[in-house]
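Please read the sequence and the model side by side, going from the overall fold down to single residues. The paragraphs that follow keep to that order.

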Amino acid sequence: MRSFSILVLAFLTTFFSAPNQAAEPSVSILMYHHVSDSTPRVTSVTAEELREHLQYLKDNDFTVIDIRDAIAGVRGEKELPEKAVVLTFDDAYQNIFTNGRPVLQEFDVPWTLFVATDPVGNTPGRYMSWDQIRQLHEEGVVIANHSTDHAHMPRRAQGESDEDWRQRMAENILKAEQRILDEVGVSYRLFAFPYGEYDNQLANLVEELDFIGFGQHSGGFGATSDFRAIPRFAAAGIYANLNTLGTKMGALAFRLKDVTYRDTLLRHDETKPALEIELDTSDFHNNQLNCFIRGQAHTPEWIADNRFRIQAESPVSIGRSRYNCTAPSIAKRGRFYWYSIQWIRPDAQGSWPD
Ligand SMILES: [Zn+2]
């Protein structure tokens with residue numbers, strides 16, 4: 001009986017498909033750092049901009065949900081609102097507490113603070129104290145892990161073996177988690193990579209340590225996302241603009257079947273990384289899939305009905321860069337599927353800029 005129903009469903013899906021095909025439950029996770037008008041613009045919103053974002057979410061029927069509910073929701077363990085957004089703040093800057101917290105309280109929304117533990121309490125005026133972080137926890141904020149020292153984690157030390165590096169990284173992540181447990185009394189095993197930087201080995205390590213990882217690349221978060229590096233949309237600086245941020249808030253997660261690339265950490269001379277993606281294409285038109293490399297439109301090469309390939313035509317720059325791909329949903333008018341991957345290309349010495 002069960003397999004019969006599945007057959008009937010498969011038949012319906014195949015022949016009456018696209019326009020009625022519901023998209024997979026998706027969440028957009030927004031990433032903030034400073035809430036201030038006197039910090040570097042690229043990682044800052046003003047309190048007024050944050051208020052505008054929250055007002056926009058409210059006016060446009062978005063529901064701001066707890067990061068743990070988002071994870072349970074995309075896993076199918078919990079009902080997700082139709083338009084769900086998660087708010088995250090990185091680095092425990094004092095201005096998040098002073099300027100951001102009152103606005104977040106005004107709108108009564110849940111949020112997450114990713115804490116790099118070493119500077120907390122050591123740099124008064126710049127970073128929060130543990131007392132303040134405990135207070136946030138008591139107010140319902142999810143206190144999560146952003147390493148001890150905010151290092152460029154995929155970067156190996158001079159002469160360091162992969163095994164030694166791996167050990168050092170595991171210690172870093174577990175030490176930060178322990179510090180949060182000691183100071184705040186919680187351990188959610190949610191880890192945001194400093195600078196959103198990870199490579200295959202680090203992503204695997206996060207999974208082996210039983211953490212969920214968060215990056216700094218764009219994209220809808222859904223059941224087929226990489227839980228070792230969940231996407232988050234930057235919402236600061238030029239990205240604070242609601243004309244573009246509004247679309248990102250409603251982003252959908254592609255139903256991915258296979259994502260193939262060598263490694264997100266490139267070799268210095270590996271200048272044009274190739275990416276192949278196999279995915280469910282029933283809710284968008286293949287010719288409406290657009291990719292962007294360094295902000296330039298890039299036509300993907302369809303190598304099968306449901307598999308495409310993209311590769312930069314000119315060398316990607318030293319440091320972090322991203323491939324982004326989007327496609328408008330057929331079923332959910334005005335909403336876009338969005339996938340992104342972040343590459344790190346080292347210079348000849350194996351380093352790269354902040
Ligand atoms: Zn950070």
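What percentage of the 354 residues of the protein count as buried? The share is 42%, where a residue is called buried if 20 or more other C-beta atoms lie within 10 Å of its own, exposed if 12 or fewer do, and partly exposed in between, with C-beta atoms placed from the backbone. The model is a predicted one, in which local features need pLDDT of at least 70 and side-chain atom pairs count only at pLDDT 80 or more, whereas totals for chains, interfaces and linings use all residues. Residues are numbered from 1 along each chain as its sequence is written.

Along the principal axes, the C-alpha atoms fill a box of roughly 60 × 50 × 40 Å. The radius of gyration of the protein is 21 Å, which agrees with the value near 20 Å that a compact globule of 354 residues would have; the radius is taken over C-alpha atoms, and the globule rule is 2.2 Å times the number of residues to the power 0.38. Among the contacts with a separation of 6 or more, 70% join residues 24 or more positions apart, two residues being in contact if their C-beta atoms, placed from the backbone, lie within 7 Å.

The chain is divided into domain 1 (25–252) and domain 2 (257–345), with bounds that come from an automatic or database domain assignment. Between the C-alpha centres of domain 1 and domain 2 there are 24 Å, and the contact between the two involves 18 residues of domain 1 and 17 residues of domain 2. On the side of domain 1 that touches domain 2, the residues comprise 6 nonpolar, 10 polar and 2 charged; here Ala, Val, Leu, Ile, Met, Phe, Trp, Tyr, Cys and Pro count as nonpolar, Asp, Glu, Lys and Arg as charged, and the others, Gly among them, as polar.

Strand 13 (residues 290–293) can be followed residue by residue. Strand 13 and strand 14 form a hairpin with 2 residues between them, and R294 in the turn has a positive phi of about 50°.

Positive phi values also occur in loops of the model. D61, in the loop between helix 2 (47–59) and strand 4 (63–64), has a phi near 65°, although the residue is not a glycine; D61 is exposed because 10 other C-beta atoms lie within 10 Å. H150, which is not a glycine either, has a positive phi of about 55° and lies in the loop between strand 7 (142–145) and helix 6 (162–184). H150 has 17 C-beta neighbours inside 10 Å and therefore counts as partly exposed.

Two further residues complete the tour. L190 lies in strand 8 (residues 190–192) and counts as buried because there are 22 C-beta neighbours inside 10 Å; leaving aside residues up to four places away in sequence, L190 touches I67, A144, N145, F211, I212 and F214. K58 lies in helix 2 and, with 13 C-beta neighbours inside 10 Å, counts as partly exposed. The C-alpha atoms of K58 and F107 are separated by 8.7 Å, although the two residues are 49 residues apart along the chain.

Terms used: Pairing = 2+ DSSP bridges. Helix = DSSP H or I, 4+ residues; strand = E, 2+ residues; numbered from the N terminus.
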